[in-house]
Amino acid sequence: MEFRLKKRARTDVKIEVVSLESKYPHNVMMYLYPPTDDIHIEEFEELALERLRLLRVLDRAGTKGLRLLSEEWKEYVNAELTREGLRSYLRLCSSGGASGQGSKHESEIQTRRRDYLSHFILRLAYCRSEDLTRWFVAREMELFRYKFAALSSAEVKQFLEENDFKFQPLTESEKDEVKDGLYESTAGQSVSKIELLDFYKVPFTQVLDLVRGRRCYLKEGFAYVNTHDLVSIVGTKQQDIIEMGLLASKGLIDEVEGDERISRMLKALHNSYTGKDYTICRDAAVAIESLNQLSKTSMPLCMRMCHEHIRAQHHIKHGGRMQYGLFLKGIGVTLEDSIRFWREEFTKKMDADKFTRSYEYNIHHNYGKKGSMVNYTPYSCSKIIKEMAAPGDCHGCPYKSVDPATLKTKLASYGLSTSHIEEVMFFVSRGHYQIACGKYFMLTHNSNVEPTINHPNTYFEESQILMGNRQKRTAGSMPQKIKPRPDIKGHADRSMFNGDDDDELWKIAESQERAYQSQKDISEAFNDDLDLTEITF
């Protein structure tokens, strides 16, 4: 009896693994049928944010002007996916993605599952407006083309069979009959490579983009398409499926929004910040005596203007205190130094007792030492751009909130030439505020590489790395000892955080912060009643 029970338990586990392989048999799937898996609400949110990070990598590659599937594009995307902790998705974009080539490791099957589920989760978030739908479809098709381009000829055949495409590759004799036309129409390939390629005979109306680009051989109403260019046909069907799926998802919105937890998350998803949260600074301690110099060399425009406002007015409104105060926490200003900084400035206009009563508690609160004990996250670019600054405020994104004439004057006072100012204003005038910030970074740092700016603390970190005051840390690397530098006073040594044990503690602390903050940020974004259609990419 006991033996039979144990044997049955092992059989059940094996059946589950086979079931997953049968449900997700291929790296490239057409997303035809909604999944029926039961998942926890936490995994639902995790999958949504994970895929959003994936699609944003593809979006950034496009904004940099990289041609889709070019070597430069692949190099950038692969590096960014690695940096974002999404290396598992790279396996979906590599050869060997068919289940018929042997049993797959469970982690690879699980990646296919996450890919499939997360696609359908994002349909619920991106079916809500035309602008959101357009962005989502474009990014999903880029991902589909990347995965399909990695398939071998054998994998393409299997893919076509599994998805009921009635195409068969030409036989050798059929290929010989039209080989001259194939040689002339297949650009960028040698004769020997063309002979190894499979070609498919399809109605020319199904590949009008290839016909228009003269990238296929035409004969008697049929086009002869090689394996790599089949994505033109397959991709069209995939796009139709996604677009029809989005329409179907739109009809389910009322039902989905019956669950308030899911509703809030989906509404706020597109505005969610998915990068490093900067809640814990592990790189260095920054002394407040160095802030004047750092504001000129390493702070983005939004933070530099806040700092100058404080120094000039010895006061700043609540929105500015939150924006700049959390930024200072994120770059490494300690709680004690932060209190000293704000007290020294504010007491030039008020007595110390009033400062203690009215302002000191909020500083402790932001550092997670009072009240709800939440260690608050510095504001991302998307949150700052959405801030609506009133007259007298200095927070928000100056590229958006400051009128063009005043902004030009401000940039000129910071040393930019007329031609450089026009370069920045070109992107400002088109609503590309983060790209304008990246251009400002390049010009003020004499850099040839434009960074991707999606967080003020990223700007500061990249600046300090470029200036040699901090070291770039790759995934899994241990933090290095930071020596004090003469140009940053009080740049304290954080060697107490070095070592294997401490590195693990930091990773645990950061992962816990991210898990807590992701839900909190989504809730905050929802409560701000954001308009999702006004996002600038």
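**Overall make-up**

The protein chain has 26 helices and 3 strands, where helices (H or I, at least four residues) and strands (E, at least two) are DSSP runs numbered from the N terminus. This is a predicted model, in which local features need pLDDT of at least 70 and side-chain atom pairs count only at pLDDT 80 or more, while totals for chains, interfaces and linings use all residues. Residues are numbered from 1 along each chain as its sequence is written, and side-chain values use heavy atoms, with hydrogens and water left out.

**The chain as a whole**

- Of the 537 residues of the protein chain, 49% count as buried (buried means under 20% relative accessible area, exposed over 50%, and partly exposed in between, with a 1.4 Å probe and protein chains only).
- The accessible surface of the protein chain comes to about 27200 Å², and 51% of this belongs to carbon and sulfur atoms, with areas taken from the Shrake-Rupley method with a 1.4 Å probe.
- Among contacts (heavy atoms within 4.5 Å) in the protein chain between residues at least 6 apart in sequence, 69% join residues at least 24 apart.

**Packing of H2 and H3**

- Helix H2 (residues 41–63) packs with helix H3 (residues 71–83) at an angle of about 145°, and their axes are 10 Å apart; axes are lines fitted to C-alpha atoms over the stretch in contact, and angles run from 0 to 180 degrees between N-to-C directions.
- On the H2 side the contact is made by Leu54, Val57, Leu58, Arg60 and Ala61, and on the H3 side by Trp73, Tyr76, Val77, Glu80, Leu81 and Arg83.
- By class, this contact of H2 with H3 has 8 nonpolar, no polar and 3 charged residues, where Ala, Val, Leu, Ile, Met, Phe, Trp, Tyr, Cys and Pro count as nonpolar, Asp, Glu, Lys and Arg as charged, and the others, Gly among them, as polar.

**Thr111 in helix H5**

- Thr111 is found in helix H5 (residues 106–126), and it counts as buried because its relative accessibility is 5%.
- A polar atom of the Thr111 side chain lies 2.9 Å from the backbone oxygen of Ser107.
- Leaving aside neighbours within four places in sequence, Thr111 is in contact with Ser88, Tyr89, Arg91 and Leu92.

**Two loop residues with positive phi**

- Most residues other than glycine have a negative phi.
- Asp164, in the loop between helix H7 (153–162) and helix H8 (172–177), has a positive phi near 60°, and at 56% relative accessibility Asp164 counts as exposed.
- His314, in the loop between helix H16 (301–313) and helix H17 (318–331), has a positive phi of about 60°, and at 19% relative accessibility His314 counts as buried.

Terms used: A polar contact is a pair of N or O atoms within 3.5 Å; within protein, one must be able to donate a hydrogen and the other to accept it, and residues adjacent in sequence count only if both atoms are side-chain atoms.
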